[in-house]
Amino acid sequence: ANEFIIRTVNSSGIESEGVTVSCTPADVEISQPVITSSGQEIENLVPGKVNVSMKIKNNGMGDEYSAVLIVGLYEGNVMKQYKTQYKLLPELGISAAPVEFSIDADVDEVTENTTLKVFVWDSMENRNSISDMTIFK
């Protein structure tokens, strides 16, 4: 935890005793997924190779913590394909860089019912979600 002392100064220049504020980072930090096509970030699905990337950082879950990025391509409620990337995320401290995840998905065609869903779980075995699902259309 990082601690800060916040003090105020009144109009006469007198400083207060201050208040100590403690900031603790989240145990796991997960970035929003970024979806690109031909190296350019996109907001809507397009046919062709689409890349989903995100960063995950373990600040306090121990050295055996893991995550799996799951990208599923759906047509309506039917999953057409899915890909996963699993990584072990050792606890490296607050100043360490996050671990990068990246998956390429092949989008044959895009209809009004085509969606790309992004999940982050602790593992394929436990299937505990560690992030909100993101849906791209």
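Helices and strands in these legends are DSSP runs numbered from the N terminus, with helices (H or I) needing at least four residues and strands (E) at least two. This is a predicted model, where local features need pLDDT of at least 70, side-chain atom pairs count only at pLDDT 80 or more, and totals for chains, interfaces and linings use all residues. Residues are numbered from 1 along each chain as its sequence is written, and side-chain values use heavy atoms, with hydrogens and water left out.

**View A. Arg-127 and its positive phi.** Arg-127 sits in the loop between strand 10 (114-121) and strand 11 (134-136). Its phi is near 60°, a positive value in a residue other than glycine. Arg-127 counts as exposed because its relative accessibility is 56% (buried is under 20% relative accessible area, exposed is over 50% and partly exposed is in between, with a 1.4 Å probe and protein chains only).

**View B. Ser-38, another loop residue with positive phi.** Look in the loop between strand 4 (34-37) and strand 5 (40-41) for Ser-38. Here phi of Ser-38 is near 55°, again a positive value in a residue other than glycine. With 75% relative accessibility, Ser-38 counts as exposed.

**View C. Ile-56 and the residues around it.** Ile-56 belongs to strand 6 (residues 48-58). Its relative accessibility is 0%, so Ile-56 counts as buried. Skip the neighbours within four places in sequence, and Ile-56 is in contact with Val-28, Glu-29, Ile-30, Ala-67, Leu-89, Pro-98, Val-99, Phe-101 and Val-120 (contact means heavy atoms within 4.5 Å). Ser-31 is 25 residues from Ile-56 in sequence, yet the two C-alpha atoms are 6.4 Å apart in space.

**View D. Gly-18, between strands 1 and 2.** The loop between strand 1 (2-6) and strand 2 (19-23) holds Gly-18. A relative accessible area of 31% makes Gly-18 partly exposed. Apart from neighbours within four places in sequence, Gly-18 is in contact with Ile-5, Ile-6 and Arg-7. As for Met-54, it is 36 residues from Gly-18 in sequence and 39 Å away in space, C-alpha to C-alpha.

**View E. The salt bridges.** Searching the whole structure turns up two salt bridges (a side-chain nitrogen of Lys or Arg within 4 Å of a carboxyl oxygen of Asp or Glu). One joins the side chains of Lys-49 and Asp-106 at 3.3 Å, N to O. That pair links distant parts of the chain, with Lys-49 in strand 6 and Asp-106 in strand 9 (residues 99-107), 57 residues apart. Asp-106 has a relative accessible area of 33% and is partly exposed. The side chains of Glu-15 and Arg-7 meet in a salt bridge too, at 3.5 Å, N to O. Arg-7 counts as partly exposed, with 43% relative accessibility.

**View F. Two surface patches.** Patches take residues with over 30% relative accessible area and no salt bridge, joining like charges within 9 Å and nonpolar side chains (Val, Leu, Ile, Met, Phe, Trp, Tyr) within 5 Å. Asp-27, Asp-63, Glu-64 and Glu-91 make up a negative patch (Asp and Glu count as negative, Lys and Arg as positive, and His and the chain ends are not counted; charges are placed at NZ of Lys, CZ of Arg, CG of Asp or CD of Glu). Asp-63 lies in the loop between strand 6 and strand 7 (66-75) and is partly exposed at 47% relative accessible area. Met-79, Tyr-82 and Met-124 form a nonpolar patch with about 280 Å² of accessible area together (by the Shrake-Rupley method with a 1.4 Å probe; for residues, only the protein chains shown count as cover). Met-79 lies in strand 8 (residues 78-88) and counts as partly exposed, at 40% relative accessibility.
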